[in-house]
2 protein chains.
Amino acid sequence: MLNFTYHNPVNIVFGKGAIAELPKLVPARAKVLMTYGGGSIKRNGVYEQVTRAMRGRSMIEFGGIEPNPRYETCLRAVDLAKAEGIDFLLAVGGGSVIDGTKFIAAAVSYQGSDPWGMLLDSSRVPANPLPLGCVLTLPATGSEMNGGAVISREATREKLFFVTPQTLPQFSILDPETTYSLPPRQVANGIVDAWAHTTEQYLTYPADAPLQDRQAEAVLLTLVEEGPKALADPQNYAVRANVMWSATQALNGLIGCGVPQDWATHMIGHELTALYGIDHAQSLALVLPGVLRCQKQRKRAKLLQYGERVWGLRDGGEDARIEQAIDKTERFFRSLGVSTRLAEYKIPREAVTLVAARLANRGMKLGEHQDLSEKEVQEILAQRE
Amino acid sequence: MLNFTYHNPVNIVFGKGAIAELPKLVPARAKVLMTYGGGSIKRNGVYEQVTRAMRGRSMIEFGGIEPNPRYETCLRAVDLAKAEGIDFLLAVGGGSVIDGTKFIAAAVSYQGSDPWGMLLDSSRVPANPLPLGCVLTLPATGSEMNGGAVISREATREKLFFVTPQTLPQFSILDPETTYSLPPRQVANGIVDAWAHTTEQYLTYPADAPLQDRQAEAVLLTLVEEGPKALADPQNYAVRANVMWSATQALNGLIGCGVPQDWATHMIGHELTALYGIDHAQSLALVLPGVLRCQKQRKRAKLLQYGERVWGLRDGGEDARIEQAIDKTERFFRSLGVSTRLAEYKIPREAVTLVAARLANRGMKLGEHQDLSEKEVQEILAQRE
């Protein structure tokens, strides 16, 4: 096991009716900016629940944070927060709203001229961003219980991230009932996203960490069981609760304690989203099988373990089982309705070289050995046509 | 899944050489009281590591906190802390030292006449105990990452606990190398303790919480694999690390999120320790098989799941598999060298009625249904002769 630190002070309030706890969680005298996305919370009752719980408190709103939240949009919220003297941010939505709100929280306190600098170097995130809390409505990114934020810049077609403990939410409210009305595409995307977060921390090489391995497999097995049910039976509370808690556990740092991590799928996927506008989870479903296949010798031991424990693959030769495990992964994504091929997203062949070149130019070290070459990234994408 | 809150802000610093991080974790100007136990830390180098790391800091010592830390001893430390104007406690040891230190931290700020009141009612723990940090040397109780403390009172032969977020450590340092020199009895006790913590939260009834079930099974399976190795190969770093992290995960609140909990084994066991002086883990190894057998109808579904997933029991009738699962549990404890019968500990037959009566008199509600009768407690113990 590698040395690690684990420090996750986010207060999780989970369950039916949990939004009513808001007044106990938001500081009493805070001037609050409530942030949200495209307005689905006004149709599914969450906006109503939040404003009712916050009645009598000082709170203004900023709506319109997009999926893959945009730098340009967040900067408008920063101006509003400064002008209004906001001292607490309440993000109501999914990972994009929460990520955007983390960026806003940090940018309000940022001293330099261009807060984009924080996305180029997490150490530039100021020591004391505005405090924030979350009401999660879309289980997917784990942003509700981690300090990461991914922001997209329209002007340069860049999608970059920071990760820092300073932007950990003070609390996150997770009420599975808020997810009943999600469109199937978002439900499926959330399952794929949680899956990829888990495999980025699990499908690397053995590191004498059997507990973390099993904690990761616990998430994957639960997603295999409960994911399809969430699509088939959207108002099943237990299923929604299990998917929600699994997505949080997939990226709150726990399963990554003391083990090597990959993240190549995410880095390649971010470029595809930035360039071609596909959903984040679509990019992961597309890239992940390619990363596993191209790296199957180096990931051999873990792929065999994954095949056996997650997919029950015990018979046949090792190479065949590895192929089956990768194939089952792709089929699982497809069974949820998420496409897995470049052509299905009408992404042109030029993406193969363009994405690899962009990552190489950025000097990013990819993979658990931090050594994926530009050519290897090309190979990963070429086989996804 | 039941509604829950999960809020665990303990900063875990895990790995080889982690004690050197102490100066970054203890507030720079704090006047520190270092607490420890019987002096093993002076023989195994931990005392030396801690004092070296804290060189130049203001720190005094209080040694001699016993296994099953005594109220009377802790009160002496409270007097010392008050007299010296201590503002930070550093617990160096196992669960007993940490539990005792939590009690000291709370008792220093306690306003009433007798701080024993906190053990009768956790809500009497003051809002602002002294802050504390830990250097863990014995994986077992999980006290390093929870807010619980169990204290024994010599005068009345009572062993009671409080659980409160106020006494969560600010940080805990876990260096697996500090456990190399533990006597086999303490290693075995630690494994049994972590096991029982897990089953108290897992072996109840199904609650639509498949992720938490698997997270609990992850701990149990790791203990089955790694526990015997820790005894056979004491200086195997990976094994020690896995046992240490498993024991922390067994009682940091995570596997208990949203599920019913039992704790009858602990409550009955505490009485045996208070009356007859057996080790805490010995009491658990003794009582747990009895609780499972006497409650096997009500725990039926989870016992079958436990048998299959932890012990690989898939063949034969359900009743037979349940018996086998309980039998394997007891054999596992015995394989570690921990006895499981009253007679082996020379505990007299009167314990059967005495313990049941003490619990009944205290009005404690036992079991996941909170309805174990005095007669049922007698039955549990009677079959452990």
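**Two chains and the places inside them**

Visitor: Is B:Phe62 buried or exposed?

Guide: In this predicted model, a residue is called buried if 20 or more other C-beta atoms lie within 10 Å of its own. B:Phe62 belongs to strand β3 (residues 58-62) of chain B, and, leaving aside neighbours within four places in sequence, its contacts are B:Leu33, B:Thr35, B:Ala77 and B:Leu80. With 23 C-beta neighbours inside 10 Å, B:Phe62 counts as buried.

Visitor: Where is B:Asn68, and is this residue buried or exposed?

Guide: B:Asn68 has a positive phi of about 50° although it is not a glycine. The residue is found in the loop between β3 and α4 (71-84) of chain B. Because 21 other C-beta atoms lie within 10 Å of B:Asn68, this residue is buried.

Visitor: Which residues is B:Leu372 in contact with, leaving aside its neighbours within four places in sequence?

Guide: B:Leu372 sits in the loop between α14 and α15 of chain B, and it is buried, with 25 other C-beta atoms within 10 Å. From B:Leu372 to B:Ala360 there are twelve residues in sequence and 9.6 Å in space, C-alpha to C-alpha. Setting aside the neighbours within four places in sequence, the contacts of B:Leu372 are B:Ala264, B:Leu366, B:Gly367 and B:Val377.

Visitor: How are the buried residues of α15 of chain B placed around the axis, and what is the arc that they cover?

Guide: Helix α15 (residues 374-382) of chain B has B:Val377, B:Ile380 and B:Leu381 as its buried residues. They lie on the same side of α15(B), because the arc they cover around the axis is only 90°.

Visitor: Turning to chain A, how many residues of strand β5 are buried?

Guide: In a regular strand the side chains alternate between the two faces of the sheet. On one side of β5(A) stand A:Leu132, A:Cys134 and A:Leu136, on the other A:Gly133 and A:Val135, and all are buried, which leaves both faces covered. Strand β5 (residues 132-136) of chain A is therefore largely enclosed by the rest of the structure, its buried residues being five of the five.

Visitor: Which residue stands opposite A:Val135 in β8(A)?

Guide: β5(A) pairs in the parallel sense with strand β4 (residues 88-93) of chain A over five bridges, where A:Leu89 has A:Leu132 as its bridge partner. With strand β8 (residues 171-174) of chain A, β5(A) also pairs in the parallel sense, over four bridges. In β8(A), the residue opposite A:Val135 is A:Ile173.

Visitor: What distance separates the centres of domain 1 and domain 2 of chain A?

Guide: The domain assignment of chain A gives domain 1 (11-178) and domain 2 (184-382). In the contact between them, 17 residues of domain 1 meet 23 residues of domain 2, and the side of domain 1 divides into seven nonpolar, five polar and five charged residues. Taken over C-alpha atoms, the centres are separated by 26 Å.

Visitor: Which elements of chain A give two or more residues to the side that touches chain B?

Guide: The contact takes 31 residues from chain A and 31 residues from chain B. By class, the side of chain A has 16 nonpolar, eleven polar and four charged residues. The elements that give two or more residues to this side are β1 (4-14), α8 (210-232) and α9 (237-250) of chain A.

Visitor: What is the bridge partner of A:Asn8 in β1(B)?

Guide: β1(A) and strand β1 (residues 4-14) of chain B run antiparallel and are joined by seven bridges. There the bridge partner of A:Asn8 is B:Asn8.

Conventions: Residues numbered from 1 in each chain as written. Chains lettered and ligands numbered in written order. Predicted model: local features only at pLDDT ≥ 70, side-chain atom pairs only at ≥ 80, totals over all residues. Contact = placed C-beta atoms within 7 Å. Nonpolar A, V, L, I, M, F, W, Y, C, P; charged D, E, K, R; others polar. Pairing = 2+ DSSP bridges. Buried ≥ 20, exposed ≤ 12 C-beta atoms within 10 Å, placed from the backbone. Arc of directions from axis to C-beta. Domains from an automatic or database assignment.
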